[in-house]
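Reader: I'd like to walk through this one with you before I set anything up. Can you show it to me?

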Amino acid sequence: MLIDSHCHLDRLKLDKFDDSLDAVMAHATEQGVEKMLCVGISLDNREAVVAMAENYPQVVSSVGVHPLDVEKGLATAEQLVAWSAHPKVVALGETGLDYYYSNDSKSVQQDSFVVHLQAAAEAQLPVIVHTRDARQDTLDLIKAHGCMENAGVLHCFTESWEMAKAAMDMNYYISFSGIVTFKNATELRDVASKVPLDRMLVETDSPYLAPVPYRGKANVPGYVKQVAEFIAELKGVSYQEVIRTTSENFHNLFKKAV
Ligand SMILES: [Zn+2]
Ligand SMILES: [Zn+2]
């Protein structure tokens, strides 16, 4: 079972698919994608992502406030816990720290991340973590406020092997997107070759970051196939082995996703 562990179905560009989300979903099914996690990023899109999960049996969702959306409004731990009671909400996030695009909001990002980690521990759900140029702070906050048992995932991973290793030591999974297929991503490929398959997830992060050979075009969940194929080649294992192990990992992490 091929799973896109991270996509933004409410933000897809549909012009190549007759402006139809149903057509995007049919394309994903044709590519072998049997499940996808539609990720929340703000208070504004919470209802839209949960509606995706209600409308499509193969979709589950998360609720959270992205580190680059903290200025649009923050969620309290009580709100996150309450929203996550929905049967198809399987995780909190995406949350985390992004100092690459925004240094000004550092402390607000940190506060919001802590709130998500605390709410996740209370709701007994995993956390979807976005991290960019904030290695030590991300690891320190997970260590201080995270829950080892429910853990989480560092999604669309682009950081160092040391960071991946430290996160895996805290029971986290590492998710690779189409970036790993990019020509200049030599260091990331080195990290991906070291991360054991049984700690790995694959994702599109669509509509962003389409994998080769679609790089620069609008990304859709069906293209997670190209990411999984690339990982198989990189690790010298079969495509079937990659989709079997990554979907097992997905279900080990997102236990509510049946
Ligand atoms: Zn992200
Ligand atoms: Zn995302």
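This is a predicted model: local features need pLDDT of at least 70, side-chain atom pairs count only at pLDDT 80 or more; totals for chains, interfaces and linings use all residues.

Reader: Which residues of α5 make the contact with α4?

Author: The crossing of α4 past α5 is right-handed. On the α4 side, the contact uses Gln110, Phe113, Val114, Leu117 and Gln118. Its partners on α5 are Asp137, Leu141, Ile142 and His145.

Reader: How many nonpolar residues does the contact of α4 with α5 have?

Author: The contact draws on residues such as Phe113 of α4 and Leu141 of α5. Sorted by class, there is 1 charged residue, there are 3 polar ones, and the nonpolar count is 5.

Reader: Zooming out, what radius of gyration does the chain have?

Author: The secondary structure comes to 9 helices and 8 strands, and the C-alpha atoms fill a box of roughly 40 × 40 × 35 Å along the principal axes. For 258 residues, a compact globule would have a radius of gyration near 18 Å, and the chain agrees with that at 17 Å.

Reader: And what share of the contacts between residues at least 6 apart in sequence joins residues at least 24 apart?

Author: Buried residues make up 50% of the 258 residues in the chain. Counting contacts between residues at least 6 apart in sequence, the share that joins residues at least 24 apart is 70%.

Reader: Back to helices. Are α7 and α8 roughly parallel or roughly perpendicular to each other?

Author: The axes of helix α7 (residues 186–194) and helix α8 (residues 224–235) come within 10 Å and cross at roughly 75°. Angles of 65 to 115 degrees count as roughly perpendicular. So α7 and α8 are, to each other, roughly perpendicular.

Reader: Which residues of α8 are in that contact with α7?

Author: By class, the contact of α7 with α8 has 3 nonpolar, 1 polar and 2 charged residues. α7 brings Arg189, Ala192 and Ser193, while α8 brings Ile231, Leu234 and Lys235.

Reader: What about α8 and α9: which residues of α9 make the contact?

Author: The axes of α8 and helix α9 (residues 239–253) come within 8 Å and cross at roughly 115°, so these two are roughly perpendicular as well. Their crossing is right-handed. From α8 the contact takes Ala228, Glu229, Ile231 and Ala232, and from α9 it takes Tyr239, Glu241, Val242, Ile243 and Thr246.

Reader: How many other C-beta atoms lie within 10 Å of aspartate 104?

Author: Aspartate 104 is in the loop between β4 (89–98) and α4. Its C-alpha atom and that of lysine 235 are separated by 39 Å. Aspartate 104 is exposed, and the number of other C-beta atoms within 10 Å is 9.

Reader: Last one: how far apart in space are glycine 178 and valine 63?

Author: Glycine 178 is in the loop between β7 (173–176) and α7, and it is buried, with 26 other C-beta atoms within 10 Å. Residues it touches include Thr204, Leu209, Tyr223 and Val227. Glycine 178 and valine 63 are 115 residues apart in sequence, and their C-alpha to C-alpha distance is 23 Å.

How values were computed:
Residues are numbered from 1 along each chain as its sequence is written. Chains are lettered from A and ligands numbered from 1 in the order in which they are written. A crossing is left-handed if the near helix is turned anticlockwise from the far one by less than a right angle, and right-handed if clockwise. Helices (H or I, at least four residues) and strands (E, at least two) are DSSP runs, numbered from the N terminus. Two residues are in contact if their C-beta atoms, placed from the backbone, lie within 7 Å. Ala, Val, Leu, Ile, Met, Phe, Trp, Tyr, Cys and Pro count as nonpolar, Asp, Glu, Lys and Arg as charged, and the others, Gly among them, as polar. The radius of gyration is taken over C-alpha atoms; the globule rule is 2.2 Å times the number of residues to the power 0.38. A residue is buried if 20 or more other C-beta atoms lie within 10 Å of its own, exposed if 12 or fewer, and partly exposed in between; C-beta atoms are placed from the backbone. Axes are lines fitted to C-alpha atoms, for helices over the stretch in contact, and angles run from 0 to 180 degrees between N-to-C directions. Angles under 35 degrees count as roughly parallel, over 145 as roughly antiparallel, 65 to 115 as roughly perpendicular and the rest as oblique. Lists of a residue's contacts leave out its neighbours within four places in sequence.
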